[in-house]
Amino acid sequence: MSETTAGTGASYAAAGVDIEAGDRAVELMKDWVKKTQRPETAGLGGLGGFAGLFDASALKRFERPLLASATDGVGTKVDLARQLGVYDTIGRDLVAMVMDDIVVCGAEPLFMTDYICVGKVHPERVAAIVKGIAEGCVLAGCALVGGETAEHPGLLGPDDFDVAGAGTGAVEADRVLGADRIRKGDAVIAMASSGLHSNGYSLVRHVVFDRAKMTLDQQVEEFGRTLGEELLEPTRIYSLDCLALTRTTDVHAFSHVTGGGLAANLARVIPDGLHATVDRSTWTPGAVFDLVGTAGQVERLELEKTLNMGVGMIAVVPEDSVDVALATLADRGVDAWVAGEITDRGDRATGAELTGDYAR
């Protein structure tokens with residue numbers, strides 16, 4: 001092999017990967033990650049190691065601990081963050097999508113890792129994304145024990161990025177929530193969403209940009225703020241609220257309302273032979289749902305199988321636990337109401353349905 005003339009050879013930096021920028025991003029995010037520490041992670045190292053550590057001896061307090069795991073991303077909502085230049089909220093969406101799936105079975109969120117893929121490392125931007133993830137972990141009660149930032153020049157534009165994460169929780173084996181606990185006569189309690197959350201943005205973007213020709217900086221009277229501010233509203237994180245319910249009431253099941261909408265996600269926890277009926281007249285979806293439906297001429301059933309329509313989490317509880325459940329959620333600042341009930345399935349094909357018309 002012949003010698004390469006000094007200064008003319010290929011290099012990682014010349015290919016578009018800036019290792020120094022990555023190191024700078026790690027330094028900027030360290031203080032935020034520290035804020036997510038739990039007792040099980042204190043003193044066990046920090047960012048920069050090859051693996052995050054969690055003291056599993058904490059699980060000794062369980063009789064038979066089951067680990068619950070989930071992974072997810074935020075979808076095309078990240079492109080709105082890129083366009084707006086707002087990077088410190090999208091991480092909360094990521095934590096919500098992962099940890100609110102974990103809490104559905106009654107599991108306590110323990111720790112999370114993240115993966116951030118960028119076209120070019122801008123240290124301040126990466127740190128802002130991690131800031132949002134850390135804030136989300138605090139809201140979910142879990143530790144952020146590690147992650148990865150990958151730079152993919154040539155595959156992503158210099159301002160493009162995506163985020164994903166994985167989380168782990170633990171639940172006592174005899175306290176796992178789900179379909180086997182649900183009984184006829186149980187009440188269906190709806191918890192209000194903070195907006196669109198992190199699902200359906202391909203439809204939303206098509207409607208507001210391609211059909212309605214709106215811009216992100218456009219002021220929308222019904223929102224009381226700009227379109228961009230409304231669309232970037234972070235997903236509500238229900239993890240600690242749900243755990244509070246398990247301590248004060250006999251919760252039978254939760255359902256996290258994400259892709260597929262309310263009926264489809266609720267049906268996932270309804271056992272054979274039973275049926276969940278949710279009455280639309282018990283709430284009014286937020287203005288953003290009306291805008292998407294009207295501007296896009298989207299049929300109601302299409303909206304309902306794509307968006308959460310104002311309900312981000314469902315709890316199924318015995319009828320005699322309703323008052324305590326609603327009081328618990330009210331104390332925690334969560335708007336909640338009885339939206340339906342569990343009945344016999346009869347000849348209905350699906351496990352859940354929406355009935356009536358939305359309140360106006």
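Me: Is Cys 242 buried or exposed, and what is its relative accessible area?

Reply: Burial is read from relative accessible area, for which a residue is buried under 20%, exposed over 50% and partly exposed in between (1.4 Å probe, protein chains only). Cys 242 has a relative accessible area of 0% and is therefore buried. This is a predicted model, in which local features need pLDDT of at least 70 and side-chain atom pairs count only at pLDDT 80 or more, while totals for chains, interfaces and linings use all residues. Residues are numbered from 1 along each chain as its sequence is written, and side-chain values use heavy atoms, with hydrogens and water left out.

Me: What is the mean pLDDT of the protein chain, and over which residues is the pLDDT below 50?

Reply: The pLDDT is the predictor's confidence in each residue, on a scale from 0 to 100. The protein chain has a mean of 90, with 88% of its residues at 70 or more. Over residues 1–5, however, the value is below 50, and beyond near neighbours in sequence this stretch has one contact (heavy atoms within 4.5 Å) in the model. Where pLDDT is low, the predicted coordinates should not be read in detail.

Me: How many helices and strands does the protein chain have, and what share of its residues is buried?

Reply: The protein chain has eleven helices and twelve strands, both taken as DSSP runs numbered from the N terminus (H or I, at least four residues, for helices; E, at least two, for strands). Of the 360 residues in the chain, 51% are buried. Among contacts with a separation of 6 or more, 84% are between residues 24 or more positions apart.

Me: How many disulfides does the structure hold, and how far is the sulfur of Cys 137 from the closest cysteine sulfur?

Reply: A disulfide is a pair of cysteine sulfur atoms within 2.5 Å, and the structure holds zero of them. The sulfur of Cys 137 is 3.6 Å from the closest cysteine sulfur, which belongs to Cys 142, and this is too far for a bond. Cys 137 itself counts as buried, with a relative accessibility of 0%.

Me: Which residues of helix H9 are buried, and what covers them?

Reply: An α-helix has 3.6 residues a turn, so residues three or four places apart point the same way. In H9 (residues 287–295), the buried residues are Val 288, Phe 289, Leu 291, Val 292 and Gly 293. Their cover includes helices H5 (201–211), H6 (227–231) and H10 (300–304), together with strand E6 (219–220). After H9 comes Gln 297, with a positive phi near 50°.

Me: Where do Lys 213 and Met 309 lie, and what is the phi of each?

Reply: Lys 213 lies in the loop between H5 and E6, where its phi is positive, about 55°, although it is not a glycine; at 61% relative accessibility it counts as exposed. Met 309 is in the loop between H10 and strand E10 (311–317), and its phi, near 60°, is likewise positive in a residue other than glycine, whereas its relative accessibility of 6% makes it buried.

Me: Which residues is Arg 92 in contact with, leaving aside its neighbours within four places in sequence?

Reply: Arg 92, in helix H3 (residues 90–102), is partly exposed at 27% relative accessible area. With those neighbours left aside, its contacts are Gly 132, Ile 133, Glu 135, Gly 136, Leu 139, Pro 234, Thr 235 and Ile 237. One of these, Glu 135, is 43 residues from Arg 92 in sequence but 6.6 Å from it in space, C-alpha to C-alpha.

Me: How many cavities of 30 Å³ or more does a search of the whole structure find, and which helix gives the most to the lining of the largest cavity?

Reply: Rolling a probe the size of a water molecule over the atoms shows where empty space is left. On a 1 Å grid over the protein atoms alone, a cavity is a set of points where a 1.4 Å probe fits but cannot get out, and a pocket is an open set with protein on both sides within 12 Å along at least five of seven lines; lining residues have an atom within 4 Å of a point. Points are joined across faces, edges and corners, and a volume is the space filled by probe spheres set on them. The search finds one such cavity, with about 70 Å³ of space. Helix H4 (residues 123–140) gives the most to its lining, with three residues, and the lining residues include Tyr 87, His 122, Arg 125 and Asp 159.
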